[in-house]
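Have a look at the sequence and the model, then read on.

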Amino acid sequence: MPSTVSVLASCCLALAATPRRLLRPRQRDERLLASLVDAGAPLAGAAVKLTALPQARQTAPAAIVAEGARRPWRLELGMTSFLVEHPRARFLVDPSMCQDVHTRILPELPGLLRVFVAPNRPVMGLLEALDSVGFRPEALDFALPTHLHWDHVSGLLELPDLVIRTMEIERAFALDGREPPLGFARLPLVGREARTYTLDGGPVLTFTRSHDLFGDGAVVLVDRAGHTPGARKDTLSRSAR
């Protein structure tokens with residue numbers, strides 16, 4: 001019971017902070033911006049094919065999506081998985097939705113949060129989305145979620161044997177506590193093989209750490225911790241097609 005109360009309290013505090021930030025958005029951090037150094041992007045030794053797999057739509061108050069935004073009052077957002085085909089592997093970035101997400105995943109979230117984040121119906125399941133572009137799911141090598149929030153991993157329920165690759169700090173944050181943190185659903189993750197990696201490379205663009213997934217500059221991961229402890233973004237090189 002105490003953990004449930006804590007989750008609900010966190011949700012309420014986050015929502016309560018929204019009106020204040022809408023009226024008085026945080027100002028640009030000029031010192032931070034001046035300190036950023038662009039290290040450039042790596043030269044890619046291979047090309048990748050990137051295919052977007054739109055699965056659902058969602059509407060949300062603009063103020064929650066972009067601090068200080070007043071118009072339009074609500075924004076329409078896409079919930080999308082991405083298929084990446086590299087010469088050495090085929091993988092999914094953010095396998096976002098399973099077909100029955102409303103009944104299997106959303107019940108793991110606090111009721112108040114569900115009101116704000118539930119996708120509109122209908123939802124296209126991940127297997128259906130892959131089939132729509134003629135891709136066989138058994139050809140996938142792994143999934144690479146940018147982070148482990150529910151809307152970035154729910155599609156994994158339709159691929160029960162697919163390995164995920166993530167940072168250890170993100171895996172531990174999502175799975176090690178007695179209760180999942182706010183915004184996390186464990187059903188797609190529990191019992192699944194997770195292969196972790198470290199950001200062992202140098203600066204890329206304005207990011208201080210990176211990891212070259214294949215060692216050829218085609219898919220480079222960079223550190224964007226803050227949204228969650230191990231959040232990161234997959235940067236596809238300029239050779240992407």
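Let's start with M167. Leaving out neighbours within four places in sequence, M167 is in contact with T196, Y197, L199 and G230, where contact means heavy atoms within 4.5 Å. Along the chain M167 and T196 are 29 residues apart, yet C-alpha to C-alpha they sit 5.0 Å from each other. M167 belongs to strand β5, residues 164-167. Strands (E, at least two residues) and helices (H or I, at least four) are DSSP runs, numbered from the N terminus. M167 counts as buried because its relative accessibility is 10%; buried means under 20% relative accessible area, exposed over 50%, and partly exposed in between, with a 1.4 Å probe and protein chains only.

A word on what you are looking at: this is a predicted model, in which local features need pLDDT of at least 70, side-chain atom pairs count only at pLDDT 80 or more, and totals for chains, interfaces and linings use all residues. Residues are numbered from 1 along each chain as its sequence is written, and side-chain values use heavy atoms, with hydrogens and water left out.

**The chain as a whole**

The protein chain has 7 helices and 9 strands. Of its 241 residues, 42% are buried. Take the contacts between residues at least 6 apart in sequence: 65% of them join residues at least 24 apart. The accessible surface comes to about 13100 Å², and carbon and sulfur atoms account for 55% of that; such areas come from the Shrake-Rupley method with a 1.4 Å probe, and for residues only the protein chains shown count as cover.

Which residues touch the most other members of the largest nonpolar core? They are L92, L130, L140, L156, L162 and L189, out of 19 residues in that core. Helix α6 (residues 126-132) gives the most to this core, with 3 residues. A second, separate core has 16 residues, including V84, A89, V93 and V219. A nonpolar core here is a set of buried Ala, Val, Leu, Ile, Met, Phe, Trp, Tyr and Cys residues joined through side-chain atoms within 4.5 Å.

L140 has its own list of partners: beyond its neighbours within four places in sequence, it is in contact with L83, R90, F91, L92, L130, F135, L159 and L162.

Q55 sits in strand β1, residues 49-61. Not counting residues up to four places away in sequence, Q55 touches M79, T80, S81, S96, M97, P122, V123, M124, G125, L126 and A129. The C-alpha atoms of Q55 and M97 are separated by 6.6 Å, although these residues are 42 apart along the chain.

P122, one of the residues Q55 touches, is joined to R121 by a cis peptide bond, with omega about 0 degrees. You'll find P122 in the loop between α5 (111-117) and α6.

**Loop residues**

D94 is in the loop between β3 (89-93) and α4 (101-104), while L205 is in the loop between β6 (194-197) and β7 (210-212). R209 is also placed in the loop between β6 and β7. Setting aside neighbours within four places in sequence, R209 is in contact with L199, G201, G202, L221, V222 and D223. R209 and T198 are 11 residues apart in sequence and 9.5 Å apart in space, C-alpha to C-alpha.

Here is how some of these residues compare in relative accessibility:

| Residue | Relative accessibility | Class |
|---|---|---|
| Q55 | 4% | buried |
| D94 | 7% | buried |
| L205 | 29% | partly exposed |
| R209 | 35% | partly exposed |

**A pocket to look for**

What lines the second largest pocket? Its lining is L32, L36, F207, R224, A225, G226 and H227. By class that makes 4 nonpolar, 2 polar and 1 charged residues, with Ala, Val, Leu, Ile, Met, Phe, Trp, Tyr, Cys and Pro counted as nonpolar, Asp, Glu, Lys and Arg as charged, and the others, Gly among them, as polar. The volume of the second largest pocket is about 190 Å³.A pocket, on a 1 Å grid over the protein atoms alone, is an open set of points where a 1.4 Å probe fits, with protein on both sides within 12 Å along at least five of seven lines; lining residues have an atom within 4 Å of a point. Grid points are joined across faces, edges and corners, and a volume is the space filled by probe spheres set on the points.
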